[in-house]
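Subject: Structure handover

Hello,

Here is the structure I promised to pass on. Please open it and keep it beside this email while you read.

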Amino acid sequence: MPQIRVFLSDDNQPIHELGEETVTVGRLGDNTIQIEDGSVSSHHAEIIFEAGGYVLRDKGSTNGTFLNGAPVTESPLNDGDQVRFGSIETIFAADVVAADARPLPQSERASVKLGSSSARPANFVNASPFPKPKEKTDPLTLAATAVAAIGGLVALAAVALSMGLSAPV
């Protein structure tokens, strides 16, 4: 059965089977294929089965419908066509072969070797949204901190000395 795969993110790629004669695509829930993205119009496009094939038709969308990179208002769909609704990429598959139709690989005995040390991979990238704190302090900040510390000590000494004074008799 023909399908359209929607690429929302690396781990979110829903597949929709095109079983109906008219499949609507848009942001609102009354569409056959709902794509909740700001670049997709409320009723963006439709895919219609006619004359033995599927036809892609834009419904006056704001950000356009593109077929293999070119803007379209209406065009027949072929197997493997890349369709973009706004900024959301999809792929049309006319003749889908079941993913499990390939033979399973022969199982082999796995050998396990424990590591003796660990190290960060060469291409490691920190995914934290917080920037790494700066390790260097500039000399001006260091000098200001030293002056403040000395001033604090002088103030404490002055308080201690004033406590030790006695009233004149």
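Two notes on the source. This is a predicted model, where local features need pLDDT of at least 70 and side-chain atom pairs count only at pLDDT 80 or more, while totals for chains, interfaces and linings use all residues. Residues are numbered from 1 along each chain as its sequence is written, and side-chain values use heavy atoms, with hydrogens and water left out.

**Overall build**

Read from the N terminus, the order is β-β-β-β-β-β-β-β-β-β-β-α. The radius of gyration of the protein chain is 34 Å, well over the 15 Å that the globule rule gives for 169 residues, so the chain is more spread out than a compact globule. Here helices (H or I, at least four residues) and strands (E, at least two) are DSSP runs, numbered from the N terminus. The radius of gyration is taken over C-alpha atoms, and the globule rule is 2.2 Å times the number of residues to the power 0.38.

The C-alpha trace spans about 115 × 55 × 25 Å along its principal axes. Of the 169 residues in the protein chain, 23% are buried. Buried means under 20% relative accessible area, exposed means over 50%, and partly exposed is in between (1.4 Å probe, protein chains only).

Now the contacts (heavy atoms within 4.5 Å). Take those in the protein chain with a separation of 6 or more: residues 24 or more positions apart account for 29% of them.

**Charges and salt bridges**

The protein chain carries 12 positive and 20 negative charges. Their mean positions are 16 Å apart. Lys and Arg count as positive and Asp and Glu as negative; His and the chain ends are not counted. Each charge is placed at NZ of Lys, CZ of Arg, CG of Asp or CD of Glu.

Side chains of opposite charge can pair when their charged atoms come close. How many salt bridges does the structure hold? There are three. A salt bridge is a side-chain nitrogen of Lys or Arg within 4 Å of a carboxyl oxygen of Asp or Glu.

- Glu 46 and Arg 57 pair at 3.5 Å, N to O. The pair links distant parts of the chain, 11 residues apart: Glu 46 is in strand β5 (residues 45-50) and Arg 57 in strand β6 (residues 53-58).
- Glu 50 and Arg 57 pair at 4.0 Å, N to O.
- Glu 74 and Arg 57 pair at 3.0 Å, N to O. Glu 74 lies in strand β9 (residues 74-76) and Arg 57 in strand β6, so this pair ties together parts that are 17 residues apart in sequence.

Together, Glu 46, Glu 50, Arg 57 and Glu 74 form a network of salt bridges.

Which of these side chains are buried or exposed? Glu 46 is buried, at 14% relative accessible area. Arg 57 is partly exposed at 23%. Glu 50 is partly exposed at 35%. Glu 74 is partly exposed at 45%.

Leaving out residues up to four places away in sequence, Glu 46 touches Thr 22, Val 23, Thr 24, Val 55, Leu 56, Arg 57 and Lys 59.

**Gln 34**

Gln 34 lies in strand β4 (residues 33-34). Gln 34 is partly exposed, with a relative accessible area of 37%. Beyond its neighbours within four places in sequence, Gln 34 is in contact with Gly 26, Arg 27, Leu 28 and Gly 29. Gln 34 and His 44 are 10 residues apart in sequence and 9.9 Å apart in space, C-alpha to C-alpha.

Most residues other than glycine have a negative phi. Which loops hold the residues below?

Ala 51 sits in the loop between β5 and β6. Its phi is positive, near 55 degrees. Ala 51 is exposed, at 88% relative accessible area.

Asn 68 sits in the loop between β7 (65-67) and β8 (70-72). Its phi is positive too, at about 50 degrees. Asn 68 is partly exposed, at 46% relative accessible area.

Best wishes
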